[in-house]
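This report describes one protein model for a reader who is new to structures. Please look over the sequence and the 3D view before reading on.

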Amino acid sequence: MQKHHGQIVEILVRKKGFSITELAQHSDVSRSVVYQWFNRKELNADIIHRIGRIVDHDFSKEFPEYFQKKNTDIYDSRNGEMRPNQNRVNIWKDKYIVLLEQYIQLLSTE
């Protein structure tokens, strides 16, 4: 059974005594974005790291896959170059989506 990232993070945030409003303010996002995070089955590493810094919790036990230090580049023998692993590409894509959500939120408040 796959773990639900949002639920795990929500439980730990609440155990640490943080409200949704506090987490939203420290994350520079709206409360609705925080609720969206909690409803997601999978969260990207950037969000998990950010929340961990805010609530002072080490999520490496809950999400060890996001805390491994290794070179994930792959050697491409066709052109003799290193190319990024697809997981690294997804991390950057997820960061872009978070920024896009924040931008849309800013536009909707005006």
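## Terms and source

A polar contact is a pair of N or O atoms within 3.5 Å; within protein, one atom must be able to donate a hydrogen and the other to accept it, and residues adjacent in sequence count only if both atoms are side-chain atoms. One such case is Ser-27, whose side chain reaches the backbone oxygen of Leu-23 at 2.8 Å.

The model is predicted, so to speak of local features a pLDDT of at least 70 is needed, and side-chain atom pairs count only at pLDDT 80 or more, while totals for chains, interfaces and linings use all residues. Residues are numbered from 1 along each chain as its sequence is written, and side-chain values use heavy atoms, with hydrogens and water left out.

## Overall layout

The protein has 5 helices and 2 strands, where helices (H or I, at least four residues) and strands (E, at least two) are DSSP runs numbered from the N terminus. Along the sequence they follow the pattern α-α-α-α-β-β-α. Of the 110 residues in the protein, 27% are buried. Here buried means under 20% relative accessible area, exposed means over 50%, and partly exposed lies in between (1.4 Å probe, protein chains only).

The accessible surface comes to about 7800 Å², and 52% of it belongs to carbon and sulfur atoms; such areas come from the Shrake-Rupley method with a 1.4 Å probe, and for residues only the protein chains shown count as cover. A contact means heavy atoms within 4.5 Å. Among contacts with a separation of 6 or more, 56% join residues 24 or more positions apart.

## Confidence

The pLDDT is the predictor's confidence in each residue, from 0 to 100. The protein averages 82, and 78% of the residues score at least 70. Confidence is highest in helix α3 (residues 31-39), at a mean of 94, and lowest in strand β1 (residues 74-76), at 49.

## The nonpolar core

A nonpolar core is a set of buried Ala, Val, Leu, Ile, Met, Phe, Trp, Tyr and Cys residues joined through side-chain atoms within 4.5 Å. The largest one has 20 residues, of which Val-9, Val-34, Trp-37 and Ile-51 touch the most other members. Two or more residues of this core come from each of α1 (5-15), α2 (20-27), α3 and α4. Helix α4 gives the most, with 5 residues.

Which residues does Ile-51 contact, leaving aside its neighbours within four places in sequence? They are Val-9, Val-13, Leu-23, Trp-37 and Phe-59.

## Helix α4

Helix α4 (residues 45-55) is mostly covered, with 8 of its 11 residues buried. These are Ala-45, Ile-47, Ile-48, Arg-50, Ile-51, Gly-52, Ile-54 and Val-55.

Just after α4 comes Asp-56, in the loop between α4 and β1. Asp-56 has a positive phi of about 55° although it is not a glycine. With a relative accessible area of 64%, Asp-56 is exposed.

## Helix α2 and the residue after it

In α2 the buried residues are Ile-20, Leu-23, Ala-24 and Ser-27. Seen down the axis of α2, they fall within an arc of 100°, so they line one face of the helix; the arc is that of the directions from the helix axis to the C-beta atoms. Gln-25 and His-26 are exposed on the other side of α2.

Ser-27 has a relative accessibility of 4% and counts as buried. Not counting residues up to four places away in sequence, Ser-27 touches Trp-37, Arg-50, Ile-54 and Gln-102.

Asp-28 follows α2 and sits in the loop between α2 and α3. Its phi is near 60°, a positive value in a residue other than glycine. Is Asp-28 buried or exposed? Asp-28 is exposed, at a relative accessible area of 65%.

Gln-105 belongs to helix α5 (residues 86-109) and is partly exposed, with a relative accessible area of 27%. Gln-105 and Ser-32 are 73 residues apart in sequence, and their C-alpha atoms are 9.6 Å apart in space.
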